[in-house]
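Please look over the structure shown below.

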Amino acid sequence: MIQESYNAAANPQVYEEGDLHVLFVGESQTPAEHRLGPKVYDYFLLHFVEKGRGQFVNESAVYDLNKGDCFLIHPDQLVSYASDPIDPWRYRWIAFTGKTATELVISTGFTPQLPVFRAGQCSLISGLLDGVLQTFRNNKPSSHLLSLGYLYQLMAEAKETLIKESPLPSGESGVQRIVKQMIHYMSSQYAHPVSIEQMCASLGYNRAYLSRIFKKETGITPVTYLLKLRIDKSRHLLRGRPELSIEQIASSVGLTDPLYFSRQFHRFYGESPSQYRKSVTGQSQVPKERNPNPKL
């Protein structure tokens with residue numbers, strides 16, 4: 001006979017209108033045909049089935065679930081869920097809310113029409129949920145921050161599966177999505193001396209393929225796009241940070257060779273960085289620092 005159990009813990013930090021907040025977490029071995037709902041919640045509630053079977057019903061569909069399945073309850077959705085009469089499920093759950101909670105859920109791939117996914121064989125979800133439970137039980141000052149870290153890891157696990165199952169946005173092809181990923185990568189990494197080869201390895205595609213589809217979609221190669229992005233960022237620094245030297249600005253946009261930086265700047269805009277700075281600020285070079293103790 002299955003032994004029923006129930007354990008839960010609330011976040012020691014009280015929720016007072018923040019960006020993201022884990023409310024509570026728990027685990028339960030339910031009895032046969034144990035049912036909750038129909039009801040609505042005013043927060044997100046994620047469940048992970050550790051073993052057994054059950055059924056989840058929302059306003060879109062009915063889902064028969066087994067070991068390894070996750071289901072997310074959205075706020076204000078009428079839902080119900082019940083354990084199997086023969087093999088009742090054991091599950092863990094986590095509840096969260098906040099101003100950015102919806103944004104996080106959407107970015108992960110969850111929708112009311114796609115609230116369920118099957119975790120992989122090596123899923124970390126059970127351990128992550130247990131980590132939140134132990135964190136709240138320990139009642140440490142860092143409990144709130146630790147719970148957010150666990151929540152983001154949970155959402156990352158979900159996204160790995162959901163992104164493969166969800167349909168592409170209307171009007172967007174797989175190629176366009178990859179190009180957007182490339183642009184995002186370059187826009188976030190331009191300040192570092194990264195290469196196109198590193199980007200391709202990060203995205204998991206062949207360089208020749210990525211270069212071909214990028215040029216087809218944008219009209220320029222990834223190399224040219226990244227270089228122009230860096231030069232454009234340097235123009236902003238030349239205008240707004242007169243205390244920085246040309247070498248420092250070159251380094252700040254991921255170009256470690258100041259001479260190469262100056263040549264490429266001239267290639268795109270027909271003048272050197274120093275000439276550009278002088279034309280927009282009236283200053284041709286960084287002013288020398290005054291000697292605080294001049295000799296008399």
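The dialogue that follows treats the sheets, a helix contact, the aromatic pairs and one further residue.

Trainee: On what basis are the residues numbered, and what kind of model is this?

Mentor: Residues are numbered from 1 along each chain as its sequence is written, and side-chain values use heavy atoms, with hydrogens and water left out. Local features need pLDDT of at least 70, side-chain atom pairs count only at pLDDT 80 or more, and totals for chains, interfaces and linings use all residues, for this is a predicted model.

Trainee: In what order do the six strands of the open sheet stand?

Mentor: Strands are DSSP runs (E, at least two residues) and helices are runs of H or I with at least four residues, numbered from the N terminus. Two strands pair if DSSP finds at least two bridges between them. The pairing in this sheet is antiparallel, and the order is β1-β2-β9-β4-β7-β10.

Trainee: How many bridges join β4 to β9?

Mentor: On one pairing of β9, eight bridges join it to the antiparallel strand β2 (residues 21-29), where Gly26 stands opposite Trp93. Strand β4 (residues 44-51) also runs antiparallel to β9, and Phe44 has Phe96 as its bridge partner. The number of bridges between β4 and β9 is seven.

Trainee: Is strand β9 enclosed or open, and how many of its residues are buried?

Mentor: Buried means under 20% relative accessible area, exposed over 50%, and partly exposed in between (1.4 Å probe, protein chains only). Arg90, Arg92, Ile94 and Phe96 are buried on one side, and Tyr91, Trp93, Ala95 and Thr97 are buried on the other. Strand β9 (residues 90-97) is therefore largely enclosed by the rest of the structure, with the number of buried residues being eight of the eight.

Trainee: At what angle does helix α2 run to β2?

Mentor: Helix α2 comprises residues 125-138 and lies across β1, β2, β4, β7 (69-73), β9 and β10. Its angle to β2 is about 110 degrees.

Trainee: Which strands stand at the edges of the sheet of four strands?

Mentor: This open sheet has the order β3-β8-β5-β6 with antiparallel pairing. Within it, β5 (residues 54-57) and β8 (residues 79-83) pair over four bridges, and Gln55 stands opposite Ala82. The strands with a single partner, and so at the edges, are β3 (35-39) and β6 (62-65).

Trainee: How do helices α7 and α9 pack, roughly parallel or roughly perpendicular?

Mentor: Helix α7 (residues 222-240) and helix α9 (residues 258-269) have axes 10 Å apart and an angle of about 95 degrees. Angles under 35 degrees count as roughly parallel, over 145 as roughly antiparallel, 65 to 115 as roughly perpendicular and the rest as oblique. The arrangement of α7 and α9 is therefore roughly perpendicular.

Trainee: Why is the pair of Phe44 and Phe96 classed as it is, and what is the class?

Mentor: Rings of Phe, Tyr and Trp (its six-membered ring) pair if their centres lie within 6.5 Å; planes under 30 degrees apart count as stacked, over 60 as edge-to-face and the rest as tilted. A search of the whole structure finds 17 aromatic pairs. The centres of Phe44 and Phe96 are 5.3 Å apart and the planes stand at 15 degrees, so the pair is stacked.

Trainee: How many residues apart in sequence are the parts that this pair ties together?

Mentor: Phe44 is buried at 4% relative accessible area, and Phe96 is buried at 0%. Phe44 lies in β4 and Phe96 in β9, so the separation of the parts in sequence is 52 residues.

Trainee: Is Arg118 buried or partly exposed?

Mentor: Arg118 has its place in strand β10. Leaving aside neighbours within four places in sequence, Arg118 is in contact (heavy atoms within 4.5 Å) with residues including Asn66 and Thr161. Its relative accessible area is 43%, so Arg118 is partly exposed.

Methods
Axes are lines fitted to C-alpha atoms, for helices over the stretch in contact, and angles run from 0 to 180 degrees between N-to-C directions.
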